[in-house]
Amino acid sequence: MARAFLFVLDSFGIGNAPDAEAFGDLGADTLGHIAEFCAAGAGDRAGLREGPLQLPNMSALGLMHAAKLATGRLPVGMPLPERVYGVYGAASETSRGKDTPSGHWEIAGTPVMFDWGYFPSEGDAFPAELVEAICREGDIPGILGNCHASGTDIIARHGEEHMRSGKPICYTSSDSVFQIAAHEQSFGLDRLLELCQVVRRLVDDYNIGRVIARPFVGDDPQNFTRTGNRRDYSVLPPEPTVLDRLKEAGRGVHAVGKIGDIFAHQGVTKLTKANGNMALFDASLAAIEEAEDGDLVFTNFVDFDMLYGHRRDVPGYAAALEAFDQRLPDLDRRLKPGDIVILTADHGCDPTWRGTDHTRERVPVLMFGPSLRSRSFGVADTFAHIGETVARHLGIAPGPHGRSLI
């Protein structure tokens, strides 16, 4: 038997999705533009990092070659490795959205071929009847925000009024999402989570993918800080994913980070929470030590997207990539014969792009393990091939939407 470790570097796109123009993202390239900015000195930050982007371990797994497959060019300022040790390529998304659930569900073998509901970007984001129902059933005096916004910006703007009035801060984005920010002490974390469950039920009629709790602490706009107690309330995937199929076959599915929330806790046998990429990496290593033959460890590294992509922070994103890259030898040392590691992403979030939203991009797929020989599989036409690679490697029946890449 074998084990599989699937790591999603949230938003680490490599450009040139074939349908990017339809999303307003023609030319977006998360890796390529970060590398370009770093090579030009625009990725420097005192005390954090400087110089060209340095990802030697992922480059040795085929990252540079995957980027060239995706875009036809190599990232600027990043040398080619002398040798590639992994199975590598790029993958295009077929799901109709560029959101987190769509990307992850497709990675797990289930593309999203329906249209999510979205809230308008002009005027009030939420219909009056929905707001009225939320206030009535959630027992709140009203809401603040009611617009498209950056989470950190809207908390700074409305946080003090929220603490005085008890009205939660409600906002959305270009994703199919309803987000609720509230102060952990003055409003209460448990109360926020209960409110999110009420809203989850109420937005089902609008076909909204996620309701997200965004708790924060602090006293004023200068020190308001979101905490690690975020919770995502997702709808169920439209059909069984590779997680469900593994669980049904009696295998362990270890969900690390927000994976459990993304899949509405369906198909998960053990849940591990952690806050921050390095803590998530440590939790993943602990799960690997615990995983038995036939198990899957599935981790989402959210900081790339949440802290750096959406905030359009090139130096922060570059430093986070370099920190992740430096941990890969720790992972490699824990592999047993038959194990496979897959590094990929769920969408892009180019920190040099206009706006603050996700970008429609291809993603890298880098696979390595003691029994894998280096080669390219080219450009996969769906993320679903990743889930089917896991299925075949772990010896369960294939699903209907993809095929194994190895």
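**Entry 1: the end of a helix**

Which glycine follows H3, and is its phi positive or negative? I looked it up: Gly 72 comes after H3, and its phi is positive, near 85°. The names are DSSP runs numbered from the N terminus, where a helix (H or I) has at least four residues and a strand (E) at least two.

I noted the ground rules before going on. The model is predicted, so I take local features at pLDDT of at least 70 and side-chain atom pairs at pLDDT 80 or more, while totals for chains, interfaces and linings use all residues. Residues are numbered from 1 along each chain as its sequence is written, and side-chain values use heavy atoms, with hydrogens and water left out.

**Entry 2: the rest of H3**

Next I asked which residues of H3 are buried. Buried is under 20% relative accessible area, exposed is over 50%, and partly exposed is in between, with a 1.4 Å probe and protein chains only. The buried ones are Leu 63, Met 64, Ala 66, Ala 67, Ala 70 and Thr 71. They sit on the same side of H3, because they cover an arc of only 160° around the axis; the arc is that of the directions from the helix axis to the C-beta atoms.

Helix H3 (residues 63–71) lies across E2, E13 and E14, at about 30° to E2. Such angles run from 0 to 180 degrees between N-to-C directions, with axes as lines fitted to C-alpha atoms, for helices over the stretch in contact.

**Entry 3: the sheet**

In what order do the eight strands of the open sheet come? I read E10-E9-E11-E1-E12-E13-E2-E14, with mixed pairing. Two strands pair if DSSP finds at least two bridges between them. The edges are strand E10 (270–272) and strand E14 (375–380), each of which pairs on one side only. From one strand to the next, the twist averages 15°.

I checked one pair in detail. Strand E2 (residues 87–91) is antiparallel to E13, with five bridges. Ala 91 has Val 363 in E13 as its bridge partner. Another helix, H12 (residues 314–332), lies across strand E1 (4–9), strand E11 (296–301), E12 and E13, and runs at about 175° to E1.

**Entry 4: the binding-site record**

Where does UniProt place the feature "binding site"? The record, an unreviewed entry, gives Asp 10, Asp 346 and His 347. UniProt positions are in the numbering used here, feature names are shortened, and annotations may be inferred rather than shown by experiment. The three span 338 residues in sequence, yet no two of their C-alpha atoms are more than 7.2 Å apart, so they gather at one spot.

Asp 346 is in the loop between E12 and E13 and is buried, at 0% relative accessibility. A polar atom of its side chain lies 3.0 Å from the backbone nitrogen of Ser 11. His 347 is in the loop between E12 and E13 too, and is buried with a relative accessible area of 1%. The side chains of His 347 and Asp 10 make a polar contact at 3.5 Å. A polar contact is a pair of N or O atoms within 3.5 Å; within protein, one must be able to donate a hydrogen and the other to accept it, and residues adjacent in sequence count only if both atoms are side-chain atoms.

**Entry 5: a buried arginine**

Arg 360 lies in the loop between strand E12 (340–344) and strand E13 (363–368). Is Arg 360 buried or exposed? I found 3% relative accessibility, so Arg 360 counts as buried. Its side chain has a polar atom 2.8 Å from the backbone oxygen of Ser 95, and reaches the backbone oxygen of Gly 97 at 2.9 Å. Contact means heavy atoms within 4.5 Å. Beyond neighbours within four places in sequence, the contacts of Arg 360 include Ala 17, Asp 19, Phe 23 and Glu 93.

**Entry 6: two asparagines**

Asn 16 has a positive phi of about 60° although it is not a glycine. Asn 16 is in the loop between E1 and helix H1 (30–39) and is partly exposed at 40% relative accessibility. For Asn 207, phi is positive and near 60°. Asn 207 is in the loop between helix H7 (184–202) and strand E6 (210–217), and is partly exposed with a relative accessible area of 32%.
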